[in-house]
Amino acid sequence: MNSSMQAAAPTSLGADAPLISVIIPTYNAEAHLDQALASVREQTYPHLQILCVNDGSTDGSLAILRRHGEADGRITIVDKPNGGYGSACNAGLDEAQGEWISIVEPDDYLDPAMYERMLTFATGLHGRTAEGPGAAAAEGPDIIKTPYWRLVDADTPEEAQRPCHYAGQVKPARQPFAITEASILLRYHPSIWSALYRHAFLEDHAIRFPEAPGSAWTDNPFLARTLLQGEIAYLDEPFYYYREGTGEEDAAYLRAHPEVPLERWGEMMDAADELRIQDADVLCQLYRRGLNYLERLAGAGALTGPAFDEAEKAMFARFSPAALDASALLSPAQKERFASLTGNPIPALRAAEHRRAAFQDALCKARSTGLARSAKRMLRR
């Protein structure tokens, strides 16, 4: 893409269309930053405030940001000492003036029609209502959510573009809707960047990012606090291109920071507790996420033996026996393990329901990964 190209006028939204504040938290991202910035600048929807937050980069990222800033007056550069991903996103929120907030990671890129298509879709939903937490706002949804493209083995000869796991699987009965109608959005990668958030919604609910060094998985609590209390509009079209990390990179991070996944999961559960979430499937999606983090830590050799047992027991202490009893999302083995470690009665196992849910989950992942690639990964194990 030509980074100097000016965005075309929108084709379906007028000149009074709302401003979108695009936050790009940047730390040592020079390899892909040009592509990310160009993809934002070339959006067919031009009403953008582009907030590039340089989080203490030590490479050439700041120079790249300044070059784009000189060419495009919509760009504001916030240059700050390194504070981590959450700190950078919060610095962008401090400067945001738009009605909508978007977050773009500096090693990813966007389809040119992303913002225009999302806003056009949401405009058609004004006046509809959803059941669940929070009464419907007259101006429409709080969150506009989409699937995304996974760039697997990115920047290698084996790079493949695959749909995310929940693409094609979110089918609410109405739009906008509460998370109780599509709890699958809590199951997989947080993907907070394949969405737009109403700025007033974030402010009204005091939704910010936790601040910790590095990336620190701070997108997890943000995901929970937005989806658990917002009204969601879902457009099943992917526009965001996400470069996935490798399994080796993920494992190395977990070995270096084994406490991070469990801390972030605890913050997600804090949000559910504060919001008094009672829906069994929503809670069990969060429980599944926590157990998945434990499995990943064990698989990376980051949490083993008595330390693993203690972490598992502490996690189970936050599970609701009533939610486990009502939902088939956790396996019979997981439910039995819960009972043995907590002293609670064994919840209803719902084995047949769980097998159906597990089979559907496996199909989603196979479709997303591709059968040939799935088989190849299995052979590597």
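This is a predicted model: local features need pLDDT of at least 70, side-chain atom pairs count only at pLDDT 80 or more; totals for chains, interfaces and linings use all residues.
Visitor: What do the side chains of D72 and R74 form?
Guide: They meet in a salt bridge, with a distance of 2.9 Å from N to O.

Visitor: How many salt bridges does the structure hold?
Guide: There are 20 salt bridges in the structure, and another one of them joins E267 to R264, where the closest N and O atoms are 2.8 Å apart.

Visitor: Where do E267 and R264 lie?
Guide: Both belong to helix 8, which covers residues 259-274, and they are three residues apart, about one turn of the helix.

Visitor: Which residue forms a salt bridge with R318?
Guide: That is D273, whose side chain meets the side chain of R318 at 2.7 Å, N to O. Because R318 lies in the loop between helix 10 and helix 11 (321-326), while D273 lies in helix 8, the pair ties together parts that are 45 residues apart in sequence. R318 is partly exposed, with a relative accessible area of 30%, and D273 also counts as partly exposed, at 47% relative accessibility.

Visitor: Changing topic, how many residues are in the largest nonpolar core?
Guide: The largest nonpolar core has 106 residues, and Y115, Y287 and F319 are those with the most contacts inside it. Helix 9, residues 280-299, gives the most to this core, contributing ten residues.

Visitor: What is Y287 in contact with, leaving aside neighbours within four places in sequence?
Guide: Its contacts are W265, M269, R318, F319, S320, A323, L324 and L330; R318 is also the residue whose side chain meets that of D273 in a salt bridge.

Visitor: At what angle do helix 9 and helix 10 pack?
Guide: Helix 9 and helix 10 (residues 305-316) pack at about 175 degrees, with their axes 11 Å apart, and the two are therefore roughly antiparallel to each other.

Visitor: Which residues meet there?
Guide: From helix 9, G290, L291, L294 and A298 meet F308, A311, E312, M315 and F316 of helix 10. By class, this contact has seven nonpolar residues, one polar and one charged.

Notes. Residues are numbered from 1 along each chain as its sequence is written. Side-chain values use heavy atoms; hydrogens and water are left out. A nonpolar core is a set of buried Ala, Val, Leu, Ile, Met, Phe, Trp, Tyr and Cys residues joined through side-chain atoms within 4.5 Å. Buried means under 20% relative accessible area, exposed over 50%, partly exposed in between (1.4 Å probe, protein chains only). Helices (H or I, at least four residues) and strands (E, at least two) are DSSP runs, numbered from the N terminus. Contact means heavy atoms within 4.5 Å. Axes are lines fitted to C-alpha atoms, for helices over the stretch in contact, and angles run from 0 to 180 degrees between N-to-C directions. Angles under 35 degrees count as roughly parallel, over 145 as roughly antiparallel, 65 to 115 as roughly perpendicular and the rest as oblique. Ala, Val, Leu, Ile, Met, Phe, Trp, Tyr, Cys and Pro count as nonpolar, Asp, Glu, Lys and Arg as charged, and the others, Gly among them, as polar. A salt bridge is a side-chain nitrogen of Lys or Arg within 4 Å of a carboxyl oxygen of Asp or Glu.
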